[in-house]
Amino acid sequence: MTEATPGRRGGRQLPTADELRIWRDFIETTAALGSRLESRLQSDSSLSTGDYAVLLALTEAEGQAMRSSELAAHIGWERSRLSHHLGRMERRGLIRRQECATVPRGAEVLLTTAGAEAFKGATFPHLRAIRELFVDALTPDQIAAAGEIAAALRARLDVLGKD
């Protein structure tokens with residue numbers, strides 16, 4: 001390696017020690033935050049973050065229903081993962097599945113009354129936890145910067161596509 005191209009291998013620049021330190025801190029902090037939010041949601045409402053993501057998507061969907069393939073794409077899950085999760089939610093009465101009238105072999109996921117009530121009961125404590133664990137830890141400028149960072153990362157991932 002030359003002085004002009006430190007860290008270059010195979011034509012790509014490797015992260016610096018500082019970049020790697022920041023990356024690791026970012027990953028460890030987001031994992032800890034996610035774990036803490038998951039724990040609070042579970043203890044406050046008996047819902048997992050996966051349950052909440054599904055219920056949120058259905059609550060916002062027209063007719064409180066979505067095709068399962070749409071739902072999987074919307075929450076960023078593989079269809080097989082979603083199918084297993086929906087089975088557990090269906091057994092608990094939070095959702096129900098039915099054949100899609102307009103698409104052969106398609107399934108539609110519908111929010112049940114129990115699911116809507118569970119979501120409604122979980123929302124205020126979950127938003128309070130987000131406020132306490134995320135929002136209150138940051139200044140308004142840091143919140144704005146976090147939004148910009150998230151948008152930049154999402155845009156980059158969209159450009160690179162899914163592997």
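I call a residue buried under 20% relative accessible area, exposed over 50% and partly exposed in between (1.4 Å probe, protein chains only). This is a predicted model, where local features need pLDDT of at least 70, side-chain atom pairs count only at pLDDT 80 or more, and totals for chains, interfaces and linings use all residues. Numbering runs from 1 along each chain as its sequence is written, and side-chain values use heavy atoms, leaving out hydrogens and water.

Helix 2. I took helices (H or I, at least four residues) and strands (E, at least two) as DSSP runs, numbered from the N terminus. Helix 2 covers residues 49-60, and I found G50, D51, Y52, V54, L55, A57 and L58 buried there.

Strands. Two strands pair if DSSP finds at least two bridges between them. I see strand 5 (residues 107-111) antiparallel to strand 3 (residues 65-67) over three bridges. Strand 5 also pairs with strand 4 (residues 95-99), again antiparallel, over five bridges. I checked V109 in strand 5: M66 stands opposite it, and R97 has it as bridge partner.

Surface. L20, W23, F26, I27, I149 and L153 make a nonpolar patch with about 570 Å² of accessible area together. Areas are Shrake-Rupley, 1.4 Å probe. Helix 1 (17-45) gives the largest share, four residues. F26 is in helix 1 and is partly exposed at 38%.

Key:
Patch = residues over 30% accessible without salt bridge, like charges linked within 9 Å, V, L, I, M, F, W, Y side chains within 5 Å. Salt bridge = Lys/Arg side-chain N within 4 Å of Asp/Glu carboxyl O. Expected span 1.5 Å × (residues − 1).
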